[in-house]
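Me: Hello! I am new to reading protein structures. Could you walk me through this one, a feature at a time?

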Amino acid sequence: MEKVRVGIIGAGSISDMHFQSYVRHEAVELVAVCDLNEARAMAKAEQHKIEKIYTDYHELLKNEDVDAVSICTWNNSHAEIAIAALEHNKHVLVEKPLSKTAEEAEKIREVSQKSDKTLQVGFVRRFATNTEVLKKFIDAGDLGEIYYAKASSLRVLGNPGGWFSDVERSGGGPLIDIGVHVIDICWYLMGKPKVKSVSGTVYHKLGNRSNIEHKSFYQAADYDPKQNSVEDLANALIKFENGATLMLDASFALHAKEDKTEVHLFGDKGGAMIEPELNIFTEKHNILLDLTPKIDARTFDFEKGFQNEIDHFVACCLEKETTISPVEDGIEIMKILEAIYESSRSGREVRFN
Ligand SMILES: NC(=O)c1ccc[n+]([C@@H]2O[C@H](COP(=O)([O-])OP(=O)(O)OC[C@H]3O[C@@H](n4cnc5c(N)ncnc54)[C@H](O)[C@@H]3O)[C@@H](O)[C@H]2O)c1
């Protein structure tokens, strides 16, 4: 069987989902791992019996035994590593967001266009069971024209600190970290309409809420309660050329009852909610109906989502499939994210042409 030899760059939290999904794939051999933090790279190498360990990704990319890489580093290094990997003839799976800025994303596209290798953006929610099922209904026309979507990804107390709260390394806070997932899933299921304008506001009102006692939350390895330069709430209205609109909010800190992830799509023949649980709504014979799919996972199935994402990436490396999460989509999402920050800075709507 033809094998894809994979190297993983960035051996932190999310890399575990990449490692375990590659390990389960019979056509994959994990051959190299790289992290600035050598102990972290060594621990993963030992756990998965990986021979080559690097602390400099340039050295990993020189290894001709590596056919493909997963990039699981901080957002500020996605673009430079993706570009270098393509230039070394590697297939690339890069975690979301594609880059820190839209300009960097465009540079990745330039290099990608000259390469015959796959570049896949890690929009993992596209690979979740509930998304795949809903897409079948949408593609069959069951929702009709989707003219409105509404997405919330709200944490009451959930600024992870470390690089996530350092705007230089992350590019932003909840918007670029968790808002990105729900913006992408709406845009993807709406049929990737062309953006017309973006109006958004980000707030720095509550900080990282490190004062809160007796309530635990996920903290990055290098959490420092005194360091935080990212927004705690972002909201936006995104208008599309076809008349459709998307409303969004995303927070790391908010005075609210509880955390919430909600994604709704509204069409002229039916509506759907994907999160917290897939449901489809319509009417028949003048009767309102809830259609509840009888499927194993009606909410985002994290492990299956990553396994599907990586299975698809490997199939693309083997030229059996073409990625459903290409660089062009990563760029569009980066443009939306950047426009929200820009709109907030300027106090004006940002118009695309
Ligand atoms: N798809 C998802 O649902 C999902 C979930 C979490 C994180 N992510 C993304 O994955 C990426 C990593 O997030 P994480 O939570 O694993 O962070 P993390 O801090 O746990 O791990 C990142 C690792 O990258 C290493 N690193 C940073 N720059 C590097 C470089 N230039 N070369 C080599 N190693 C480098 C760090 O030392 C660290 O070990 C981010 O882009 C994040 O947005 C995606």
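Reply: Gladly! Let us begin with a term: two strands count as paired if DSSP finds at least two bridges between them. Keep in mind that this is a predicted model.

Me: Which strands form a hairpin with two residues between them, and which residue there takes a positive phi?

Reply: Look at strand 13 and strand 14: two residues lie between them in the hairpin, and His285 has a positive phi near 50 degrees. The two strands run antiparallel and are joined by five bridges.

Me: What does strand 13 do with strand 12?

Reply: Strand 12 and strand 13 (residues 279-284) are paired over three bridges, in the antiparallel sense. Find Met273, then look across to Asn279, its bridge partner in strand 13.

Me: How many strands are in the open sheet with mixed pairing, and in what order?

Reply: There are nine strands in that open sheet, and reading across gives 14-13-12-11-7-10-9-8-15. Its edges are strand 14 (287-291) and strand 15 (350-351), each of which pairs on one side only. Here is a general idea to carry along: in a regular strand, side chains alternate between the two faces of the sheet.

Me: What is the order of the open sheet with six strands, and is its pairing parallel or mixed?

Reply: Its order is 3-2-1-4-5-6, and the pairing is parallel. Strand 3 (52-54) and strand 6 (119-122) are at the edges with a single partner strand each, so one side of each has no neighbour in the sheet. On average, neighbouring strands in this sheet are turned by 20 degrees against each other, ignoring direction.

Me: How many bridges join strand 1 to strand 2?

Reply: Six bridges link strand 1 (residues 4-9) with strand 2 (residues 28-34), and the two run parallel. For an example, pick Arg5, which stands opposite Glu29 in strand 2.

Me: Where are some of the polar atoms that lie by the ligand?

Reply: Ile14 has a backbone N or O atom 2.9 Å from an oxygen atom of the ligand. At Lys96, a polar backbone atom is 2.9 Å from a ligand oxygen atom. With Glu95 the side chain takes part: one of its N or O atoms is 3.0 Å from a nitrogen atom of the ligand.

Me: What is the volume of the second largest pocket, and which residues are closest to its centre?

Reply: That pocket has a volume of about 290 Å³. It is lined by 17 residues, with Val167, Gly171, Gly172, Tyr341 and Arg345 closest to the centre. Helix 7 (167-170) and helix 10 (327-346) each supply at least two lining residues, and helix 10 gives the most, with five. By class, the lining has seven nonpolar, five polar and five charged residues.

Me: What is the volume of the largest cavity, and what lines that cavity?

Reply: The largest cavity has a volume of about 50 Å³. Its lining includes Arg125, Asn130, Ile185 and Phe300. Helix 6 (129-139) and strand 12 (271-275) are the elements that give two or more residues to this lining. The lining residues divide into five nonpolar, two polar and two charged.

Key:
Residues are numbered from 1 along each chain as its sequence is written. This is a predicted model: local features need pLDDT of at least 70, side-chain atom pairs count only at pLDDT 80 or more; totals for chains, interfaces and linings use all residues. Side-chain values use heavy atoms; hydrogens and water are left out. On a 1 Å grid over the protein atoms alone, a cavity is a set of points where a 1.4 Å probe fits but cannot get out, and a pocket is an open set with protein on both sides within 12 Å along at least five of seven lines; lining residues have an atom within 4 Å of a point. Grid points are joined across faces, edges and corners, and a volume is the space filled by probe spheres set on the points. Helices (H or I, at least four residues) and strands (E, at least two) are DSSP runs, numbered from the N terminus. Ala, Val, Leu, Ile, Met, Phe, Trp, Tyr, Cys and Pro count as nonpolar, Asp, Glu, Lys and Arg as charged, and the others, Gly among them, as polar. Axes are lines fitted to C-alpha atoms, for helices over the stretch in contact, and angles run from 0 to 180 degrees between N-to-C directions. A polar contact is a pair of N or O atoms within 3.5 Å; within protein, one must be able to donate a hydrogen and the other to accept it, and residues adjacent in sequence count only if both atoms are side-chain atoms.
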